[in-house]
Amino acid sequence: MTGTLTEAQQLAYANAQAADGRVNVDLETDEGMTLNMGPQHPATHGTLRVIAKLDGEQVVSADVMCGYMHRGYEKLCEVRSYPQINTLVNRIDWLGSFANEVPFILAAEQLMGVEAPPRAMWIRTLFFELSRIANLSLFIGDLALQLGAQTPAFYAFRDREFVLNQIESVTGGRFHPNFDRIGGLKDDLPKGWIADTKAAMSRLRAYCDEMEDLVYGNEIFQTRTRGIGIIPAGVAQSYGLSGANLRGSGVDWDLRRDANIGLAYDQLDWKVWTHPDGDSFSRSWVRLQEVREATKMVDQLCDGMPAGPIMAKVPRIIKVPEGEAYVVTENPLGQMGYYLVSKGDTGPFRVKIRTASFNNISVVPWVLRGVYVPDIIAILASLYFILGDIDK
Amino acid sequence: MTAVELSYWQQTVFRVLGVLVAVILPAGGFVYVFLFKMMSFMQSRLGPMEAGPYGSMQLLAEVGKFLQKEDIVPEKADRRLFFLAPYIVLASTFLLLVVMPFGPDAYFTNLDTGIFLAMGLSSISVIGILIAGWASASKYALIGGLRAAGQLIAYELPMVLAVVGVVIQAGTLNLQGIVTAQHSGEIFGFGGIGNPFIITQLVGFFVFLTATQAELTQTPFDMPVAESEIVTGYITEYSGLRFLLFFIGEFATAGAFAAIAATLFLGGWAVPFVDLDDDIMNIAGPLVLFGKMMLVGFLIFWVRFTFPRFREDQLQAFAWKFLIPISLVNILATMVLKVAF
């Protein structure tokens with residue numbers, strides 16, 4: 001095996017082995033007790049690894065390791081054409097897949113100087129919000145599950161179906177729509193879809209009310225999350241947190257409102273929710289409000305949908321002119337950006353993906369100091385990360 | 001029952017079979033009715049439907065599955081203690097049933113200190129759990145075992161104090177006597193349906209149920225087996241038959257505590273308007289008690305499937321700062337009223 005590797009690869013391999021070795025030595029010889037959670041652990045939604053040094057049940061210091069699910073998307077993007085990349089990036093945040101496509105397509109359109117027709121932009125915004133609902137509605141159930149309540153998770157899956165069905169009936173894909181195209185969309189909305197979607201949205205609003213009663217109003221839930229894992233606004237900003245984690249710390253910052261990227265948000269009547277406390281509860285509460293807000297936005301988008309074509313004129317074989325573009329959007333998990341460098345080929349020269357979860361979990365070692373073992377779970381669950389979004 | 005005289009060995013066989021039935025039947029019933037079906041219906045799904053009509057043979061399938069599994073013992077485990085632990089937990093459950101009355105003559109032993117013995121025996125399971133946590137040689141199991149020990153000891157106290165209220169009102173520690181006292185009791189001079197102590201000891205009933213929930217390590221008190229933090233706590237390293245024993249132990253203990261609660265607060269095997277000495281009660285009594293157990297079990301599992309879990313320190317604070325004070329007040333009030341009326 002080593003014979004086929006180059007010297008640089010051998011060095012990298014040896015370094016990786018040594019890093020793993022150091023961690024394992026730490027596990028065995030440190031004073032006190034070191035509790036290893038992950039990469040296989042019921043509470044890490046995948047393969048996140050948290051190594052906590054404990055004093056009794058209290059965390060002295062904690063470290064978070066990621067990369068166990070690294071799929072090399074940035075590198076893979078370099079050897080694919082633009083339509084193929086669209087399929088690939090669907091898998092980054094797999095709960096709200098469509099939202100991954102939008103910033104990439106917008107960046108490519110920006111480089112090509114193509115502008116999608118208004119109807120396509122509205123439908124993009126609509127699906128952006130639908131994927132936000134699909135993602136964050138599951139979060140509420142998952143948070144309750146992490147805190148020991150089994151039933152809300154099933155309710156979350158049950159009501160998320162309504163959104164997934166709507167996405168499926170347009171795109172054909174429940175999880176990975178692959179619906180966005182440079183210059184527009186793959187298809188128009190089918191007949192009767194608008195009415196079905198509005199019915200689904202009222203169902204989702206009922207789900208939010210139910211969850212507010214069942215989970216957020218529960219005294220045990222409140223004692224477990226209020227005052228736990230407080231991230232002050234300054235710390236949140238310095239660690240590069242985004243999304244509900246930042247707004248849960250009282251920072252009023254939302255790229256849907258603050259960045260002008262061509263989506264239809266400026267024509268809607270909606271509100272950015274923030275919460276001043278910065279604890280686990282406020283982060284979760286902001287997400288609940290965002291689901292509610294998103295259902296209202298979908299209703300407005302359905303009502304005000306402009307007529308017209310869904311595809312601008314683009315060449316059959318897409319070649320993006322030379323240049324660089326960076327487009328960043330407010331995805332369900334937070335700020336997501338694509339830095340796209342093109343040399344005029346059918347595929348990009350370099351793609352750098354800025355995902356929200358990677359920055360969001362960087363605060364974990366800071367926020368876990370001094371908490372109890374059960375709080376690790378509450379804090380990790382409230383920070384809400386998707387492993388695909390961390391490891392890419 | 002005077003017509004039938006059994007020799008000693010016949011009685012022994014009957015009693016052993018009786019204890020087995022009394023443990024396995026409620027355990028299986030609870031698992032099927034509550035864990036499989038009620039939980040599924042609450043969570044908008046059907047639960048097991050394939051094995052047997054309406055999934056009723058699912059239990060057998062599960063037992064078969066566990067028996068086939070490889071019996072894994074961790075390399076550094078203390079093998080002897082590791083093997084012993086599940087039996088200690090299960091033994092405490094079996095012993096609990098020994099003092100339970102199921103009818104006027106249907107009981108294993110009729111001890112004068114029945115409830116006292118039951119409370120004492122129920123705490124043996126702590127030792128088994130602690131052994132399991134220590135012998136597994138796993139950090140998750142150790143944390144789980146220590147949490148369980150702290151929790152079970154803390155909640156033993158409110159449970160005993162809740163029972164004291166009943167004992168004062170009934171004037172006896174004998175479980176059969178407590179059933180009689182409820183059947184023939186009067187509520188402020190009205191004796192139509194007897195006096196099931198749930199009416200006068202409502203506070204005690206809720207303290208007892210809460211403590212039961214904690215003793216069973218069920219949500220919201222399932223910190224020792226919190227699967228999202230410490231995998232499954234002290235059961236983490238167990239598989240196959242030994243896991244099955246823990247599992248049976250958990251649900252059989254739920255059945256046993258439900259039986260105690262039904263006897264103490266819901267009138268036990270007795271039914272209003274039916275004479276206590278009626279021979280039919282030896283047959284109907286166990287069924288009546290089982291029905292009441294299912295009622296209590298419904299409450300226990302309803303809470304289990306609804307609530308999130310407490311943190312360890314919050315859980316201890318809840319026992320020491322809330323449950324124990326109100327059960328002490330309950331005892332005081334019961335004493336005053338007992339003397340006054």
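Start with chains A and B together: they bury about 2600 Å² between them, 57% of it on carbon and sulfur atoms (buried area is the accessible area, 1.4 Å probe, that two parts lose on being put together, summed over both). Keep in mind that this is a predicted model, where local features need pLDDT of at least 70, side-chain atom pairs count only at pLDDT 80 or more, and totals for chains, interfaces and linings use all residues. For your selections, residues are numbered from 1 along each chain as its sequence is written, and chains are lettered from A.

Now pick Lys139(B), Pro308(B) and Arg311(B). Within chain B, these three lose the most area to chain A, together 22% of what that side buries.

Select everything in contact (heavy atoms within 4.5 Å) and you'll get 26 residues of chain B against 34 of chain A.

Which residue of chain A forms a salt bridge with Arg311(B)? Zoom in on Asp375(A), where the closest N and O atoms are 3.0 Å apart. A salt bridge here is a side-chain nitrogen of Lys or Arg within 4 Å of a carboxyl oxygen of Asp or Glu, and the count between the two chains is one.

Next, color the chain B side by class: 12 nonpolar, six polar and eight charged residues touch chain A (Ala, Val, Leu, Ile, Met, Phe, Trp, Tyr, Cys and Pro count as nonpolar, Asp, Glu, Lys and Arg as charged, the others, Gly among them, as polar).

Last stop, chain A: select residues 49-55 and 58-65. These are β2 and β3, antiparallel strands joined by seven bridges (strands are DSSP E runs of at least two residues, numbered from the N terminus; two strands pair if DSSP finds at least two bridges between them). Arg49(A) stands opposite Met65(A). At the hairpin, with two residues between the strands, Gly56(A) takes a positive phi near 65°.

Definitions and conventions: Side-chain values use heavy atoms; hydrogens and water are left out. Helices (H or I, at least four residues) and strands (E, at least two) are DSSP runs, numbered from the N terminus.
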